[in-house]
Amino acid sequence: MNNELHPVLSGAESLFFKGNETGIVLCHGFNGTPQSMEYIGENLAKYGYTVSIPRLKGHGTHVKDMESSTYEEWIENLQNAHETLKQTCERVYIVGQSMGGALTLQVAFRQYVDGIFLINAAVTDVAYNEYRYENTLSMIEEGNPDIKKHAVHEITYDQVPLKAIHQLLDLMDHTKNKLKHISIPTIIFKSKIDHVVSPTNSDYIYNNISSSEKWLIELKNSYHVASMDYDAPFIVDNIHESITNLNKNRPFQIMSSSSV
C-alpha cells in the first residue's frame, strides 16, 4: 500500500466518539472527508453509541495522494474501522454515503455486519460517468458540493484525479455484482433531488439486495450530501430508532420524512 505524502488538512481528520457496546462506523464519500459525516456522528454519539468515522486514503490531504489511491484501499480502510469496533462492541453497524455506500456494501459482502444504512449510495449512475472512457485529462474540475442548505462548507478538493474517478467507477461496477449476496437489515436513504448520484441508484440497490428487512426512504429536503443538509436530523433519528429495534430483535420503525 502506498503511503500518503501530504499532511491531513485541518478539520479532515478521522473522528472517534467512545460510547456503549453498540458501534457505528460512518463512511464519507468520494472527495469527501469525515467532516461531512461529523454531524451524524456527533448526534449518534449523544445517544450513547461508540462512533468511528475513518478518513479514506487520499482524501483530505492532497490530490496527489488521491491519484495514487485505489478502491481496494478504500474498502480496506472501512473494513479495518469495522473490525476495530468489533473488538470492543457487541454489535456494529455501518452508515455509508455516496461512494461510502458502495464501500459499505463491499464490507457487508466480505464480513458480517449487523446492519447497514446507505445515504445516496453510488452503484450504477453518477455524474462522473462521462469520464469513463476519458484518458487524456489528468485532473477534473469540481463544482460546489451538492447541498441544498445554504452556507454549508464541505472540505473537498477543487479538482480530482481522473485515475481516482476511474477507481470510483470500477468500484461501482464490482459492487453491483455483489448486491444479491447482501441479506442483512438495510435502510436506504435517497434524496428526491440529487445532482451527483441519480436516485435510481438507491432503487437499484433496493430491488437487487436479498435482505428481507429493507426500507427505501425518500429525503424530500436534501440534495446529494444529505449528511450536511436539512434532512440530517431525520437521518440520525431514523438510524437510532432502527438500531434500537434491531438490538431488541424487533422490526424497523421507520419515521416520516419532512417536506420541502
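The largest cavity in this predicted model is lined by Leu9, Asn31, Gly32, Thr33, His59, Gly60, Ile155, Thr156 and Tyr157. A cavity here is a set of points, on a 1 Å grid over the protein atoms alone, where a 1.4 Å probe fits but cannot get out, and lining residues have an atom within 4 Å of a point. The structure holds one cavity of 30 Å³ or more.

Residues are numbered from 1 along each chain as its sequence is written. Local features need pLDDT of at least 70 and side-chain atom pairs count only at pLDDT 80 or more, while totals for chains, interfaces and linings use all residues; side-chain values use heavy atoms, with hydrogens and water left out.

Now for the pockets. A pocket is an open set of points with protein on both sides within 12 Å along at least five of seven lines. The largest pocket has 28 lining residues, and the closest to its centre are Phe30, Tyr128, Glu142, Val196 and His224. Glu142 also lines the second largest pocket, together with Gly143, Asn144, Pro145, Ile147, Lys149, Val152, His153, Glu154, Thr156, Tyr157 and Asp158.

Here are the spaces together. Each volume is the space filled by probe spheres set on the grid points, which are joined across faces, edges and corners. Ala, Val, Leu, Ile, Met, Phe, Trp, Tyr, Cys and Pro count as nonpolar, Asp, Glu, Lys and Arg as charged, and the others, Gly among them, as polar.

| Space | Volume | Lining residues by class |
|---|---|---|
| Largest cavity | about 40 Å³ | three nonpolar, six polar, no charged |
| Largest pocket | about 470 Å³ | 14 nonpolar, ten polar, four charged |
| Second largest pocket | about 170 Å³ | four nonpolar, four polar, four charged |
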